Amino acid sequence: MPNRFTSRLFRLTKRLFVAGICLLGISLAVLAGYGFFLSGSLALPKSDEHPPLLIYGAPFFLTPGLHPQDAGLFDRLQRLEYRRVNGRPRVAGEYAVTHDAIDIFLHAQEESRLPARVVKLTLTEGIVSEVLSASDGQPAALVSLEPALISGMRRGSRQVREWIPLSRVPPTLIRTLLAIEDRRFFSHIGVDPISIGRALWTNLTHGAVVQGGSTLTQQLAKNLFYSPQRTFGRKIREVVAAVALECKYRKEDILESYVNEIYLGQAGPVSIYGVGEAAHRYFGKTVESLSIEEVALIVGLVKGPNVYSPVKNIENATKRRNVVLRRLRDEGLLTEDALKRSLNRPVKVVLAQDVLTDAPYFVDHLLREIEEGIRQEIPEGARVYSTLDPRAQQLAAQALQHGLAKLEKTYPSLADGDSPLQGAVVVLDVKHGHVLAMVGGRDYRTSQFNRAVQARRSAGSLFKPFVYLAGFEAARDQGEAGLTAATLLADEPLTLESGTGSWSPQNYDRQYRGQVSVRTALEQSLNVPAVRTAHRTGMASLTSLLQAFGVATPLADNLSLALGSSAVSLLQITAAYTGLANGGVVVHPVAISNLVRDGGETIWSPAVDRRQAASPQGVFLVTSLLKGVVDHGTAAKARAMGVQGPVAGKTGTTDGYRDAWFVGYTPDLAIGVWVGFDDERPIKLTGAQAALPIWSELAVRLIPRQHGDFDLPSGIVERRIDPRTGQLATAQCPEHRTEFFIVGTEPTVYCEVHGGGFLEQLKETFGVSP
């Protein structure tokens, strides 16, 4: 009986063994067939395959009158990876600074067909007085730094990749990478049994997966061809693909693809692929100029790009870098002294996490603008030259982040709700309508909704300047009886009847001030005088004026429009204010300068949409009033925060304190800020409390300390008036003010309250200015 059982067991074992051998043979045959199939279908990417759409910022012009510090010249040079040297710059990308000059060896600019060359900026008291060609010492015209690369698109994702040939990758980086990730790379066939065995043993002894045994070729196969899901089937396919790649390509080809395709974290919404892009994003350097500590950090990111990201967790990044450095010491690639020096050096990245965003809201807006303009897909490899000023963008992002955080700290109730306090910032070039900066929210990673463009919120008091502008424009035909900056308005209870019933507008403080001038009414943002003015001028005039200034959203057909009851976007209302800054000329805002193919052929360049929306004289009066808002009106806090020079602007607070606005401008720049909640719950703060501090922080850093005043157009006269009566001031008047008037609307009667005027009339009779 035992012999029979043993015999049966032997036959069963034999059959199972034969079946196992057959199954193994079939599996190997299937895998071999799969490998053969993969060898024909798998292909390593090439440097010219699917080139990304590259998006550049605007060039920065070097002109006489430039203040290097105020304009952030050295920050711009660092962003473009220029290196400061002692002595004379000898290669492109170097610059030198002395007490009386800045020498810059400019990079070649292919898009402008300009070769690399040296320019000298001569300085007089810290200001650029001349821009000279260093080769002949002659003045150079239209000299600019090359546009900075700000973002890119590849296969629908936000990424920018510069393909680095293996010959350009420093040997130190290659040795470090192989020491950490794949020591037997040049001897295995795509799979390293020793590494797999070591990883299995380590994982078994630790009771968890703490180490992997994948080779560089396996990692490359996984990243290129398979999903990141950890399954046994995917692992088998990854192994077969790795062997197929090793059979098809040289080791050097695989290594070059790896160093260019490996995922190394995020820079805001932009995915970082490849060591060249990592060097640029994290350290602002070329891959050739990385230090050993920076090489160690980049190689350390391979294990966990987001866990060890230096912009997310500097402590984790430092620990991982130090692990890599110690491994280099153990491998004999780093001396003990060099290790100690490296360990003592802190991890430093170029930009903090809150500004390392590549202007994602702006890029989204830019791409929509292009799609609407060309009405077709953007060709692969095209280059977009945008209007973005990277420095302005960085400052705007910083100001918004800092300002919102400060508001939440000062007013803790703002941080209590489910949705966070939000804000948006727009910076526009007045003359050309270029969007210089756009921040559409607090964090693009959590919300891609662009509050600078897509949000429509009640404008509040931002419409009031246009109420008075409509009155000034109408005054031309009314002479002295027309509305002027000195006209007295009744700030008294008012009830108006409409089809929906009676309406009694009130001021924000529920107080009335009696007779006030137009200047005082706007400087103090009084509601009742604004409604009286709109009623006096007529709704048709106000509506057509707002539309002429680019407000394209539906407008209320009642007097509540004077108080900003209609909704606008931040970009729209800021663009309207550029019309005030630009003498009544409204330029439609654009984010793109030029779209070109890879070969340099222009695909599309938007036409300039420029129109005269109001007279220079009427607009000048409004600007004069808005300068008063900043000097001693509702925005006087800006001066206390350090804003200097001629600046005009207007606070905005909507009904129920749901929105806080401030839009301010100089002759060159217009900056708009909005603060509020997405769900429109009240923030219980005014524009002066919530938006103005953010605006002021940005303006102090962005607006030059010394800038020109607004041009005085012809057809404007000055008169000295008594602000209490709006009439010409006399020697008897206790106070007087110089006011501007459109010719023909200036007062001709001397003050009838304080008397006098005889001497002034006598001077006028004999042609002497009073």
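Tutor: Gladly, and keep in mind that this is a predicted model.

Student: Which residue of strand 7 does Thr122 stand opposite?

Tutor: Thr122 faces Glu130 in strand 7.

Student: And what sheet do those strands belong to, in what order?

Tutor: They are part of an open sheet of five strands, ordered 3-4-5-6-7, in which the pairing is mixed. The edges are formed by strand 3 (83-84) and strand 7 (127-133), each of which pairs on one side only.

Student: Okay, zooming out, how many helices and strands are there in the protein?

Tutor: The protein has 23 helices and 30 strands. Of its 770 residues, 52% are buried, and the accessible surface comes to about 35900 Å², with 53% of that belonging to carbon and sulfur atoms. If you take the contacts between residues at least 6 apart in sequence, 67% of them join residues at least 24 apart.

Student: What about the largest nonpolar core, which residues have the most contacts inside it?

Tutor: That core has 128 residues, and Phe549 and Val675 are the ones with the most contacts inside it. There is also a second, separate core of 49 residues, which includes Leu255, Ile262, Tyr282 and Val295.

Student: Going back to Phe549, what is it in contact with, leaving aside neighbours within four places in sequence?

Tutor: Its partners include Phe466, Leu469, Leu580 and Val619, and Arg611 is also among them. Phe549 and Phe466 also belong to one aromatic cluster, together with Tyr577, Tyr665 and Phe710.

Student: Since you mention aromatics, how many aromatic pairs are there?

Tutor: The count comes to twelve aromatic pairs. One of them is Phe185 with Phe186, whose ring centres are 5.0 Å apart.

Student: Why is that pair called edge-to-face?

Tutor: The planes of the two rings are at 80 degrees, and planes over 60 degrees apart count as edge-to-face, so the pair falls in that class.

Student: Where else does a charged end sit over a ring?

Tutor: Arg320 has its charged end over the ring of Tyr308, 5.8 Å from the ring centre.

Student: And what sort of pair do Tyr361 and Tyr444 make?

Tutor: Tyr361 and Tyr444 form an edge-to-face pair, with 5.1 Å from centre to centre and 85 degrees between the planes. This pair links distant parts of the chain, 83 residues apart, as Tyr361 lies in helix 12 (residues 360-374) and Tyr444 in the loop between strand 15 (435-439) and strand 16 (457-458). Tyr361 counts as buried, at 4% relative accessibility, and Tyr444 is buried with a relative accessible area of 14%.

Student: Last topic, then: what does strand 15 form with strand 14?

Tutor: The two strands form a hairpin with five residues between them, and Gly433 in the turn has a positive phi of about 75 degrees. Strand 14 (residues 422-429) runs antiparallel to strand 15 and is joined to it by four bridges, with Leu428 opposite Val435. Strand 15 is mostly covered, five of its five residues being buried.

Key
Residues numbered from 1 in each chain as written. Predicted model: local features only at pLDDT ≥ 70, side-chain atom pairs only at ≥ 80, totals over all residues. Heavy atoms only, no water. Pairing = 2+ DSSP bridges. Core = buried A, V, L, I, M, F, W, Y, C linked by side-chain atoms within 4.5 Å. Buried < 20%, exposed > 50% of the residue type's maximum accessible area, 1.4 Å probe, protein only. Contact = heavy atoms within 4.5 Å. Areas by Shrake-Rupley, 256 points an atom, 1.4 Å probe, with all protein chains shown as cover. Phe/Tyr/Trp six-rings, centres within 6.5 Å; stacked < 30°, edge-to-face > 60°. Lys NZ or Arg CZ within 6 Å of the ring centre and 35° of its normal.
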